[in-house]
Amino acid sequence: MNISETNTSHTTSQTKSGLKFCPKCANSLEERILEGKARQACTVCDFVFYRDPKPVAGVLALKDQKLLLIQRGNEPKLGLWSFPTGYIDIGDTPAETAVREAKEEADVDVELDELLGVYSNESRTVVLIIYVGRIVAGTPAGRAEALDARLFVPDALPELAFDHDYHILEDLLRPKTDSQQTEFPINK
Ligand SMILES: [Zn+2]
């Protein structure tokens with residue numbers, strides 16, 4: 001799955017600005033300022049539509065000191081490169097999603113080593129949970145929405161699709177301090 005900068009919805013009743021009708025009583029929604037933010041609230045019952053960012057998981061998959069990237073086959077940023085990422089389906093963990101997306105988009109099996117960090121995209125519509133892992137089987141090949149999938153040396157990467165991709169990459173390439181290594185062990 002490809003992550004876009006806008007929050008594309010899985011339901012047809014939801015527009016970019018939110019719902020049109022109350023899912024509880026089917027009356028109209030109106031924009032109201034609640035807790036200091038513009039929200040859509042029902043004109044009849046007590047329903048308030050709280051828009052949440054969607055959780056996304058992905059992996060920086062390494063092999064022989066090279067980084068796996070996939071070439072986007074969808075707008076926005078069609079043709080640019082990014083990491084395998086995808087929306088977390090209900091019932092799946094973030095780690096399972098990261099492994100699944102590497103298989104679906106790049107046809108490789110990965111094992112996760114650690115959580116790199118938690119990020120937002122520029123429009124704050126997703127929360128990205130990004131792992132570091134290793135390719136343990138398979139040769140990268142573009143699958144699903146990915147036009148291509150390849151390994152790159154970190155100092156010769158193609159243009160990346162999103163500003164947050166560069167932010168994530170900085171964290172991968174930054175040398176770890178002693179306090180980061182073992183103070184907060186990660187339960188996988
Ligand atoms: Zn209502």
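# How the terms apply to this structure

Visitor: How do you know that β6 and β7 pair, and in which sense do they run?

Guide: Two bridges join β6 to β7, and the strands run antiparallel. Two strands pair if DSSP finds at least two bridges between them, so β6 and β7 meet the requirement. One place to look is Lys63, which stands opposite Lys66 in β7. The hairpin of β6 and β7 has two residues between the strands, and Asp64 takes a positive phi near 50° there.

Visitor: What kind of model is this, and what does it require of local features?

Guide: The model is predicted: local features need pLDDT of at least 70 and side-chain atom pairs count only at pLDDT 80 or more, while totals for chains, interfaces and linings use all residues. Residues are numbered from 1 along each chain as its sequence is written.

Visitor: What is the mean pLDDT of the protein chain, and where is the pLDDT below 50?

Guide: pLDDT is the predictor's confidence in each residue, from 0 to 100. The mean for the protein chain is 87, and 84% of its residues reach 70 or more. Over residues 4-16 the value is below 50, and this stretch has 16 contacts in the model beyond near neighbours in sequence. Residues 182-188 are also below 50, with four such contacts. Two residues are in contact if their C-beta atoms, placed from the backbone, lie within 7 Å.

Visitor: What makes β7 a strand, and what makes it mostly covered?

Guide: Strands are DSSP runs of E with at least two residues, helices are runs of H or I with at least four, and both are numbered from the N terminus. A residue is buried if 20 or more other C-beta atoms lie within 10 Å of its own, exposed if 12 or fewer, and partly exposed in between, with C-beta atoms placed from the backbone.

Visitor: Which other strands does β7 pair with?

Guide: β7 and β12 pair in the antiparallel sense over six bridges, and the bridge partner of Leu69 in β12 is Arg150. β7 also pairs with strand β8 (residues 81-82), antiparallel, over two bridges.

Visitor: Why are β3 and β5 said to stand at the edges?

Guide: The open sheet of three strands has the order β3-β4-β5, with antiparallel pairing. β3 (29-34) and β5 (48-49) each have a single partner strand, so one side of each is left without a neighbour in the sheet.

Visitor: What makes a nonpolar core, and which residues of the largest one touch the most other members?

Guide: A nonpolar core is a set of buried Ala, Val, Leu, Ile, Met, Phe, Trp, Tyr and Cys residues joined through C-beta atoms within 7 Å. The largest has 31 residues, of which Val59, Ala61, Leu68, Ala102 and Val110 touch the most other members. β6, β7, α1 (94-106), β10, β11 and β12 (146-152) each supply at least two residues. β11 gives the most, with six.

Visitor: How do you know that the span of α1 is close to the expected one?

Guide: The expected span of a helix is 1.5 Å times one less than its number of residues. α1 has 13 residues and reaches 18 Å from its first C-alpha to its last, close to the 18 Å expected. Its buried residues include Ala98, Val99 and Ala102.
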